[in-house]
Amino acid sequence: MLGVIRQRVTCRGIPTLTLEQGMRVVASRTFSSSAKEITVREALNSALDEEMSADPRVFLMGEEVGEYQGAYKISKGLLEKYGPDRVVDTPITEAGFTGIGVGAAYYGLKPVIEFMTFNFSMQAIDHIINSAAKSNYMSAGQISVPIVFRGPNGAAAGVGAQHSQCYAAWYGSIPGLKVLAPYSSEDARGLLKAAIRDPDPVVFLENELLYGESFPISAETLDSSFSLPIGKAKIEREGKDVTITAFSKMVGYALQIRNLKTNEMVFPRMFYNRIRVRVLRIICINLQSYIFYNCMWNPYRLPGILAKEGISAEVINLRSIRPLDRSTINASVRKTNRLVTVEEGFPQHGVGAEICASVLEDSFEYLDAPVERIAGADVPMPYAANLERMAVPQQRGLATDQVHWPQLPKRYKELKLTKINL
Amino acid sequence: MAQLTRRTTDLLKPFSAALSSTRLLTTTSTNPITVETSLPFTGHRIDPPSRTVETTPQELMSFFRDMALMRRMEIAADSLYKAKLIRGFCHLYDGQEAVAVGMEAAITKKDCIITAYRDHCIFIGRGGTLLQCFSELMGRKDGCSKGKGGSMHFYKKENGFYGGHGIVGAQVPLGCGLAFAQKYSKDENVTFAMYGDGAANQGQLFEALNMAALWDLPAILVCENNHYGMGTAEWRAAKSPSYYKRGDYVPGLKVDGMDAFAVKQACKFAKEHALKNGPIILEMDTYRYHGHSMSDPGSTYRTRDEISGVRQERDPVERIRKLVLSHDLATEKELKDIEKEVRKKVDEAIAQAKESPMPDPSELFTNVYVKGYGVEAFGADRKELKAVLP
């Protein structure tokens with residue numbers, strides 16, 4: 001059996017470093033045909049396409065959205081399909097075109113304004129807040145603003161201080177705005193559709209590094225009437241020892257430190273005995289890959305550090321920064337009694353600070369330990385790679401020198417979660 | 001000799017009575033009258049329209065009545081502010097009434113107007129009632145924004161009035177957005193985005209104007225140049241105070257903003273132009289008698305002689321009064337009666353507005369969202385004051 005599998009791997013001409021990786025590839029071909037995968041980019045593109053064809057009032061406006069096919073190719077193909085009246089390339093004038101978009105929304109159209117990154121939205125922030133968010137209130141309901149502001153938010157790779165800020169906390173504090181932050185393709189599709197259909201101004205914070213990531217997606221998600229509810233967080237994985245809240249890219253990191261497999265499949269060390277258990281390993285890895293490709297996203301086979309210590313973490317994907325799903329977070333904390341908030345942005349007055357405050361107000365007696373916040377460093381983003389790695393929470397690398405293991409006591413009941421560098 | 005004149009005046013009394021009754025009849029007639037504007041128009045990259053304006057007695061009288069109403073309303077708002085019934089900001093429009101009234105005469109309610117914070121008279125021109133205006137100023141439930149907006153946030157969307165904006169210059173890109181939507185929806189209507197000489201230097205105005213010109217949007221930018229941006233005179237703020245020329249590639253027209261007929265002619269001309277050729281700038285040369293707002297006396301940066309000089313020579317209501325008298329449409333007394341009637345209307349509206357209650361405390365949390373999804377909103381005391389947004 002082993003020889004046959006090895007042959008198949010080499011026959012396909014797929015370069016594989018180790019047998020295990022080859023198994024994973026084979027497993028993916030064998031087992032993932034039932035689950036489709038799309039990238040976040042494709043999810044956003046399809047969501048935009050479907051909403052534009054469903055409602056003629058929806059139009060896309062931004063820099064390079066038309067002929068360039070989108071700065072990050074999110075709006076690829078839309079200009080050819082809908083024409084320049086509905087996919088509008090603008091000059092580099094954020095304040096101007098954001099104001100024009102809000103004015104069009106006043107009249108009754110449904111604009112989708114793309115910012116090349118949300119760093120540039122600061123040039124237009126007066127229109128987002130004073131002209132869009134507050135109008136329905138100031139006019140006592142006469143002027144509603146059904147607009148979506150979308151674009152990449154947060155740090156990309158090596159883009160420096162002026163292109164790396166996370167705006168979730170800034171926009172999340174404004175009454176009248178809704179702020180959404182998708183993680184997976186399903187989130188991206190469902191939340192963007194919900195945002196475009198929503199009659200209020202929505203700030204839609206994507207992430208550039210997630211655009212190319214593939215996620216498995218169900219047939220229901222691909223249906224054109226699919227949408228996700230705004231204001232509801234998703235419990236990505238259930239757990240009982242600690243709650244980890246995250247949004248956008250950090251959900252992936254949280255899932256990774258939690259566990260790759262379900263809790264029950266932590267390998268006892270003896271199984272790595274190379275002589276006896278190679279076959280068993282193949283079977284287990286296939287099984288693992290099956291589960292991996294069908295249920296989770298994780299490029300690393302290493303078990304999550306929390307699982308290694310026997311800690312079962314509940315990972316909450318916030319999805320909606322405003323309205324914040326306080327009830328889900330509090331219910332989870334009341335179950336697990338511990339909370340770690342993860343975000344990429346600056347810590348002071350951040351999303352994690354608000355979650356801390358909410359949990360202190362509503363679930364104080366349930367907390368067994370102080371809330372732990374993991375956020376970006378209190379510095380403008382540096383360029384040098386090593387400093388950049390220190391400025392945002394990091395994903396585990398394969399090389400052990402990049403991994404910072406937490407000093408966890410063996411007995412998880414006395415868990416004191418100190419600074420986890422993910 | 002004196003006896004003779006007295007008898008002739010006695011004899012003439014019935015004639016004058018008959019004449020005055022025929023005059024009253026003519027105030028509703030639609031016989032055309034030709035009026036010349038006070039000054040010729042100056043064009044930038046465009047041939048200006050003619051100085052001759054067609055009007056009717058009905059229109060002339062309605063101009064007088066509307067402007068008198070606006071004037072009286074603004075003066076009443078001044079007293080209310082000093083009586084502390086109006087709080088916060090109150091920016092008064094008296095002196096500039098001709099722009100509001102002339103513009104309304106040239107357009108329909110399907111055309112959109114958007115302006116900055118000096119919006120009380122534009123709101124009235126767009127069909128707002130005095131009660132809605134005074135209630136909103138005093139923060140009462142019957143206000144046009146239910147008391148939640150205030151002086152700077154009057155709206156009347158069904159009549160094409162989109163506010164009422166407090167951030168200087170923001171209304172210009174918003175107005176271009178309204179024009180964009182009108183073009184997108186293929187409505188054959190235009191948008192008038194009004195701003196002042198202070199806002200004319202804003203960058204977002206030029207950003208929006210560039211896009212309006214690129215895409216041929218039916219946007220008309222109206223600069224109400226009252227020569228002072230708050231306390232800064234135009235020569236201290238703008239290197240080039242020819243605001244009608246500042247569009248560069250966009251045509252412009254300079255208009256005497258104290259002459260309602262010049263404004264009407266210019267707006268009619270601009271609407272035709274915008275529907276065919278894209279944006280145009282109108283500079284209305286106008287003046288405000290009050291300061292920038294009620295907290296500004298208005299005399300620290302300009303002389304009282306200047307203010308009274310404009311009032312004597314260029315007052316828009318006086319100009320219409322003279323036109324009415326010269327065309328024999330009404331006597332002095334009749335015009336004074338109209339003014340008394342207007343004053344009475346304003347006083348009644350204020351009395352009614354004072355009776356109107358303040359908004360219900362539950363209104364604190366309404367209209368935050370159109371669709372609230374049952375999310376919780378908190379007041380200052382998070383335990384005591386909270387609501388669920390429907």
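Okay, let's start in chain A, with A:Glu114, which sits in strand β4, residues 110-114. Helices here are DSSP runs of H or I with at least four residues, strands are runs of E with at least two, and both are numbered from the N terminus. Before I go on: this is a predicted model, where local features need pLDDT of at least 70, side-chain atom pairs count only at pLDDT 80 or more, and totals for chains, interfaces and linings use all residues. Residues are numbered from 1 along each chain as its sequence is written, chains are lettered from A and ligands numbered from 1 in the order in which they are written, and side-chain values use heavy atoms, with hydrogens and water left out.

So, is A:Glu114 buried or exposed? It's buried, at a relative accessible area of 4%. Buried means under 20%, exposed over 50%, and partly exposed in between, using a 1.4 Å probe and protein chains only. The side chain of A:Glu114 makes a polar contact of 2.5 Å with that of A:Arg150. By polar contact I mean a pair of N or O atoms within 3.5 Å; within protein, one must be able to donate a hydrogen and the other to accept it, and residues adjacent in sequence count only if both atoms are side-chain atoms. Leaving out residues up to four places away in sequence, A:Glu114 also touches several others, including A:Leu60, A:Val65 and A:Phe97. Contact means heavy atoms within 4.5 Å.

Just after it, A:Gly108 takes a positive phi of about 125 degrees.

For contrast, look at A:Trp170, in helix α8 of chain A, residues 168-172. This one is partly exposed, at 41%. Beyond its neighbours within four places in sequence, A:Trp170 contacts A:Met122, A:Ile125 and A:Gln165. Its C-alpha is 9.1 Å from that of A:Val351, 181 residues away along the chain.

Zooming out, chain A has 16 helices and 14 strands, and 58% of its 422 residues count as buried.

Over to chain B. Six strands make an open, mixed sheet in the order β2-β9-β10-β6-β5-β4. The edges are β2 (42-44) and β4 (112-114) of chain B, each pairing on one side only. Strands pair if DSSP finds at least two bridges between them. β2(B) runs antiparallel to β9(B), residues 252-256, with three bridges joining them. In β9(B), B:Gly252 is the bridge partner of B:His44.

Last stop: B:Gln265, in helix α9 of chain B, residues 260-277. Which residues does B:Gln265 touch, not counting those up to four places away in sequence? They're B:Phe41, B:Pro49, B:Ser50, B:Thr52 and B:Val53. A polar atom of the B:Gln265 side chain lies 3.3 Å from the backbone oxygen of B:Thr52. And B:Gln265 counts as buried, because its relative accessibility is 12%.
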